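Good morning, colleagues. Please bring the sequence and the structure up on the screen, and I shall then go through a few features in turn.

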Amino acid sequence: MKNMKKFLALAMAACMTVGMAACGGNNTADTTGGNTTGTNTNANTDTADESKDAQEQETGGATEITLWTFPVGDWGGAYVDEVIAAFNESYPDVSVNVEYLDYTSGDDQLTAAIEAGTAPDILLAEPQRLVKFGKNGRMVALDDMFTDELKTDVGNESIITACSDGTNYWMYPLSITAHFMAINYEAWESSGALEYVNQEGDRTWTTEDFQNALAKLKEAGLTSGVVYCGGQGGDQGTRALVSNLYSADFTNAEHTEWTINSEKGVQGLTLLKDLCDQGLLSYDAGIQASDELQLFSNGTVQMSFCWNAANAKTYASSVTFTPYALPFPSDDGVPVLESGLYGFGIFDNGDAAKQQAARDFITFVCDDAEWGPKSVEATGFFPVRGSFEVYADSDDPNMEFYNAMLAYVGDNFTAMDGFTEQRAEWWTMLQYVFTGEKSVQDAADTYVSNSNAYTASYSE
Amino acid sequence: METQVKKTTAYDVVALIVLIVLAFLFIFPLYWIVTGSFKDAIAINSATPEWFPSEPTMDNFVRLFDKPALRWLANTVIMAVAAMVLTCITAAMAGYVLAKKRFFGQKILFSLFVCAMALPKQVILIPLLKEMSFLGLHDSLWAVILPTVGWPFGVFLMKQFSEGIPTELLEAVRIDGAGEIKTFTQIVLPIIKPGIGALAIFTFINSWNDYFLQLIMLNSQEVLTISLGIAKLQTEMSNDFGLIMAGAALGSVPIIVIFLMFQKYFTQGITMGAVKG
Amino acid sequence: MAKSAAPARSHVLARRETFVSYMFLLPCLVFFVGFVIVPMFMCLFTSFFDYTMTDFEFIGLQNYIEIFQDETFLIALRNTVLIVVVSVPTVCIFSLWVASAIYRRKGAVTSFFRCVFYLPVVTGTVAVTVVWKWMFNQYYGLFNYVLSSTNVIDQNISWLGDKRFAIWCIIMILFTTSIGQPIVLYVSALGNVDNSLVEAAEVDGATSFQCFWKIKWPNIMPTTLYILVITTINSFQCFALIQLLTSGGPMNSTNTIMYYIYDTAFKTNQYGYANAMGIILAIIIAVFSALQFKVTGSSKKD
């Protein structure tokens with residue numbers, strides 16, 4: 001008779017399943033409302049949690065929130081535990097669970113979780129993700145957190161606008177960095193390539209310097225650098241490399257179109273292709289930025305196109321040479337760098353208590369007099385708030401340079417419609433260019449028209 | 001065991017040599033995983049590979065166990081065993097009646113099972129996701145177990161096995177007045193036991209290896225499986241092959257040991273399922 | 001009276017049997033309907049919608065029309081077919097050869113080889129994939145080292161980053177993980193072939209090739225059919241390899257429908273479109289399976 005009980009249980013499960021087919025359509029259709037779907041999934045999530053992990057129940061009555069974070073510089077493990085412990089001193093009723101995402105599968109995980117109603121409460125990421133989810137109606141607007149005090153303290157209009165889609169604020173900013181490149185100082189010195197590097201001031205250099213240096217490296221029999229295009233990881237580096245060579249604009253000023261198929265953009269791509277064809281540079285369609293960094297750090301290649309303050313810190317212990325940071329070379333010697341802006345967003349899971357707890361947590365992590373600066377330091381980047389003083393006691397001579405690079409940060413288009421989809425097109429385009437499978441112009445045109453189609457589909 | 005007199009021909013010798021070379025190539029990846037997991041970063045990243053770790057280090061494993069690697073392993077075992085048990089129960093019952101009973105809708109049902117067998121899970125990924133969301137099971141091991149049990153291969157296999165149950169025996173038992181449940185548990189089950197063994201092994205390996213379903217259904221550290229764990233190691237630190245190999249070794253060595261211990265049953269089981277077909 | 005009672009009674013019996021059968025089928029059907037049939041219908045239903053993270057709007061056959069104008073889909077389709085068409089016959093032929101070479105050897109030898117070829121299956125897809133990724137690495141992978149130190153190549157090859165090699169690397173790894181089971185099956189199928197038939201034929205002067213073709217081959221036909229089916233399923237489902245090794249690149253040269261569906265759903269969030277591709281893939285697989293049953297079925301009759 002035990003079997004009968006099992007039958008019964010399974011039959012009930014079946015009824016539930018069949019029942020859902022009927023209302024499945026409604027469920028998914030109602031996305032912007034968020035209320036019905038929200039409460040619904042939430043109730044379900046709770047039951048799942050209960051059966052999944054009984055020990056989590058011990059905090060009866062407490063609010064439990066989940067934080068997912070992308071690897072932002074050094075932000076991770078030890079520091080996160082510390083800041084949560086500190087947060088709990090002031091907010092003992094809130095328990096925070098943390099999950100770490102990576103850049104390769106993190107987006108897929110987020111999509112799955114969002115569609116399955118198990119999205120986290122808080123996400124630490126860039127505007128490209130947070131603002132997009134916000135626009136898609138999955139996040140809580142944080143307009144009330146953008147006080148005049150914050151705006152004045154940040155004092156940088158472009159940072160504030162990057163956090164919003166023009167209507168609401170979806171992201172609360174924590175830290176910012178510029179993305180630049182780095183060279184293996186000793187290898188460049190010994191090969192004579194260093195003479196083309198400007199070691200004064202902001203270290204800006206030109207496309208011509210870059211080409212001359214590559215020639216020196218080749219003479220010395222060294223693999224100079226590798227343009228990675230095996231995936232979208234670290235594509236801010238290749239984007240900046242291409243657009244700077246001849247000062248091309250990546251998008252139009254209104255953020256409605258992608259423009260790298262312009263004359264200057266194609267010139268930049270063509271130069272890179274020529275350099276590869278001449279063996280002065282190489283490309284690899286099998287690797288992404290993380291692999292390139294590894295190659296750089298173990299001395300296989302002599303430059304990295306994916307460098308920033310946090311990477312310098314991460315690789316400091318494993319390199320046997322001096323990584324020397326440089327801006328990207330450009331024809332006029334004035335680089336336009338991409339920035340990485342990082343901050344928190346709150347998912348709309350339909351539970352007011354959790355949302356409040358999430359707000360408290362974000363405020364604590366970003367704005368607390370003691371922990372705010374520490375959080376910024378944990379990312380390895382620079383504070384968005386002008387009043388924060390970090391790295392005051394840092395003995396890293398490069399800090400000043402990293403900070404100076406922020407002045408070269410250009411227009412932030414990462415929150416532009418279709419940015420995510422564009423990324424998937426970008427590395428495929430690079431592959432077409434380097435292999436000569438398509439002409440540079442053709443490849444760039446295809447990339448632009450596909451990306452524009454995605455962007456346009458948002459405003460339909 | 002063969003009556004025929006064995007003549008060793010030239011072909012036999014050549015074949016044996018080719019087989020040995022191939023065997024070496026097939027063992028090699030495993031060898032590379034195990035030795036790689038004991039190599040330090042220098043040996044791993046050197047362009048000249050070290051055929052055997054000259055300075056074996058436990059460092060990779062130490063770093064691996066900084067992560068909840070044993071938890072991953074435990075989750076995988078729980079998941080695979082649960083899928084295995086549920087599949088065996090449901091498939092044995094269904095296979096038996098499909099083979100031995102005549103009832104309304106039998107043909108259609110069986111063809112439906114066969115058709116669905118070839119269906120890749122990727123096809124239904126979004127609906128499955130939505131369904132798990134509705135059931136509140138996403139990000140729990142159930143989200144992986146339930147679709148695995150639903151896959152009709154087991155039914156197909158058990159039907160093939162149950163064809164071998166002598167109809168006269170079932171008749172005799174029925175005349176003796178045994179109920180359906182008793183007939184099933186006391187007569188049918190013992191006969192198809194080897195088949196269940198085969199299915200159990202099959203389901204276990206399949207669900208252990210079903211990376212795709214795990215990938216879309218599981219997020220939290222506490223429910224990650226070893227496959228996901230290794231994949232995560234590889235996306236997080238793509239070139240730290242020492243650490244990745246340590247993960248791969250942890251994920252594969254236990255199941256290989258089990259396999260070698262029970263290899264007789266493994267191969268018997270696999271064959272029985274198919275040859276009957 | 002007796003005459004009319006009998007059919008009535010058997011009618012009752014039949015109904016009873018149907019009821020009992022469905023009780024036995026119930027647990028299985030719950031899972032099957034719940035996690036295969038229902039999702040399949042949802043998939044079909046939503047494939048007629050412009051279904052994304054924000055929209056859910058009926059667009060009729062628009063998704064299907066777009067699919068056949070989608071360059072990437074056509075490339076993915078070609079790659080999928082390539083993988084299936086190359087790997088299925090090679091797996092079958094190779095495993096048959098290995099099986100026939102080992103099945104008459106001493107017990108320990110047979111079981112040694114059987115184990116060895118089965119190893120990649122039990123090692124686990126992801127573990128196998130990551131070690132191959134390392135061996136294929138352009139800078140410190142084993143392949144480039146072996147080939148360059150034997151002077152076969154003079155420059156390191158980016159195996160997974162080169163359009164000419166990437167898909168063949170995938171097919172090769174797929175091959176190593178696919179042949180274990182067919183070998184086990186063939187060894188036992190060949191062992192089951194009635195030896196007296198073979199001996200009789202040999203006495204009649206048949207060559208060993210004739211023996212194989214006329215006697216053994218028809219006998220192992222059911223096994224072959226089964227192997228064809230499972231290998232086809234396996235080849236269609238190859239996903240981890242592509243996701244972990246190439247992400248479908250370079251230039252979509254390793255993109256398969258399976259991976260493209262995943263990519264469309266998770267990277268660009270076009271769920272309706274992904275579902276429509278899923279339906280098309282399901283149809284293709286159904287056709288493939290039917291073909292195999294037909295081809296192998298008819299040659300069996302000959």
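In chain C, the C-alpha centres of domain 1 and domain 2 lie 31 Å apart. Domain 1 covers 11-58 and domain 2 covers 69-301, with bounds that come from an automatic or database domain assignment. The contact takes 9 residues from domain 1 of chain C and 8 residues from domain 2 of chain C; two residues are in contact if their C-beta atoms, placed from the backbone, lie within 7 Å. On the domain 1 side, the elements that give two or more residues are helix 1 (2-46) and strand 1 (49-51) of chain C. Helices (H or I, at least four residues) and strands (E, at least two) are DSSP runs, numbered from the N terminus. That side of domain 1 of chain C has 5 nonpolar, 3 polar and 1 charged residues. Here Ala, Val, Leu, Ile, Met, Phe, Trp, Tyr, Cys and Pro count as nonpolar, Asp, Glu, Lys and Arg as charged, and the others, Gly among them, as polar.

A word on provenance. This is a predicted model, in which local features need pLDDT of at least 70, side-chain atom pairs count only at pLDDT 80 or more, and totals for chains, interfaces and linings use all residues. Residues are numbered from 1 along each chain as its sequence is written, while chains are lettered from A and ligands numbered from 1 in the order in which they are written.

I turn to the interface of chains B and C. On the chain B side 74 residues are in contact with 77 residues of chain C. Helix 13 (residues 241-261) of chain B supplies the largest share of the chain B side, 10 residues. By class, that side divides into 52 nonpolar, 17 polar and 5 charged residues.

Within chain B, how do helix 8 and helix 10 pack, and at what angle? Helix 8 (residues 153-162) and helix 10 (residues 180-209) of chain B meet at about 160°, with their axes 9 Å apart. Axes are lines fitted to C-alpha atoms, for helices over the stretch in contact, and angles run from 0 to 180 degrees between N-to-C directions. The two helices of chain B are therefore roughly antiparallel, a label for angles over 145 degrees. Helix 8 of chain B contributes Gly154(B), Leu157(B), Met158(B), Phe161(B) and Ser162(B) to the contact, and helix 10 of chain B contributes Ile192(B), Gly195(B), Leu199(B) and Thr203(B). This contact has 5 nonpolar, 4 polar and no charged residues.

Chain A has 18 helices and 10 strands. The axes of helix 14 (residues 352-367) and helix 15 (residues 371-379) of chain A come within 5 Å and cross at roughly 80°. Helix 14 and helix 15 of chain A are therefore roughly perpendicular, the term for 65 to 115 degrees. Their contact joins Phe364(A), Val365(A), Cys366(A) and Asp367(A) of helix 14 to Trp371(A), Gly372(A) and Ser375(A) of helix 15.

Finally, is Pro327(A) buried or exposed? Pro327(A) is buried, with 25 other C-beta atoms within 10 Å; the cut-off for buried is 20 or more, and for exposed 12 or fewer. Pro327(A) lies in the loop between strand 8 (323-326) and strand 9 (338-346) of chain A. Leaving aside neighbours within four places in sequence, its contacts include Phe180(A), Asp202(A) and Tyr408(A). Of the 460 residues of chain A, 50% count as buried.

Conventions
Angles under 35 degrees count as roughly parallel, over 145 as roughly antiparallel, 65 to 115 as roughly perpendicular and the rest as oblique.
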